[in-house]
Amino acid sequence: DPLTANPTGSRLRLEPSLRLPLAGDWWQAEPAARVRYTRYELEAATAEAPEHAVPTASLDGRLFLERDFRFRDEDWLQTLEPRAFLLWTPFHDQYDAPLFDTSAYTFGYDQLFRDNRYTGGDRVGDAKQVSLAVESRLFAPDGRESARFGIGQALYADDLRQQLDVLDPVDTTRRSPLVASAAWRV
């Protein structure tokens, strides 16, 4: 059984992808497609070497709105950047593969825009989701970014069936926690 503790063997991972960055003065969009192919050669004899090919499609889009304002007799710039990230990855049962180096990301603001909820190469999480966020940045008169603030949430159209272990329950949540991000350059 490849899911036993401390599996040994080798893994081949291929991730061909296509991206098409599109941009205008006030907008940006990037459709993308990827296939994650993984094949294992395990020392524990199994009938067949586990292998998986899982496709992913995404569309990342944002708008850039800005305004000038005066603060302490200096000209500053503030942006407002709404963002939507659509992600589709079908469920593909990967429980016959071991967990060499894979774990779940800790959910945070950056996770809203990742195309896989797992680190490593042993699991590809299924997803039918849209992540919505808005970010605002402040630029000092010299053009340097002084502060950044963002808030967002992911909405799931279907259960998240692919878990790390076959014994983990299916995630039936329909929305992620509301997450925020802030950075300030002193």
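Is Arg19 buried, partly exposed or exposed, and what is its relative accessible area? I looked it up first: Arg19 is partly exposed, at 44%. A reminder to myself is that this is a predicted model.

**Entry: the partner of Arg19**
I found that Arg19 forms a salt bridge with Glu30, with 3.1 Å from N to O. Arg19 belongs to strand E2 (residues 17–19) and Glu30 to strand E4 (residues 27–42), so this pair links parts that are 11 residues apart in sequence. Glu30 is partly exposed too, with a relative accessible area of 23%.

**Entry: Arg13 and Glu15**
Next I looked at Glu15, which makes a salt bridge with Arg13; their closest N and O atoms are 2.6 Å apart. Glu15 has a relative accessible area of 30%, which means partly exposed. Arg13 counts as partly exposed as well, at 35%.

**Entry: a buried pair**
Then I turned to Asp115 and Arg36, whose side chains meet in a salt bridge at 2.7 Å, N to O. Arg36 sits in strand E4, while Asp115 lies in the loop between strand E7 (74–89) and strand E8 (127–139), so the pair ties together parts that are 79 residues apart in sequence. Are these two residues, Asp115 and Arg36, buried or exposed? I checked, and both Asp115 and Arg36 are buried.

**Entry: a network and the total**
I also noted that some salt bridges share partners: Arg62, Glu81, Glu135, Arg137, Glu145 and Arg148 are joined this way into one network. How many salt bridges does the structure hold? My note says 21. Here is the idea I keep in mind for such pairs: side chains of opposite charge can pair when their charged atoms come close.

Technical notes: Residues are numbered from 1 along each chain as its sequence is written. This is a predicted model: local features need pLDDT of at least 70, side-chain atom pairs count only at pLDDT 80 or more; totals for chains, interfaces and linings use all residues. Side-chain values use heavy atoms; hydrogens and water are left out. A salt bridge is a side-chain nitrogen of Lys or Arg within 4 Å of a carboxyl oxygen of Asp or Glu. Buried means under 20% relative accessible area, exposed over 50%, partly exposed in between (1.4 Å probe, protein chains only). Helices (H or I, at least four residues) and strands (E, at least two) are DSSP runs, numbered from the N terminus.
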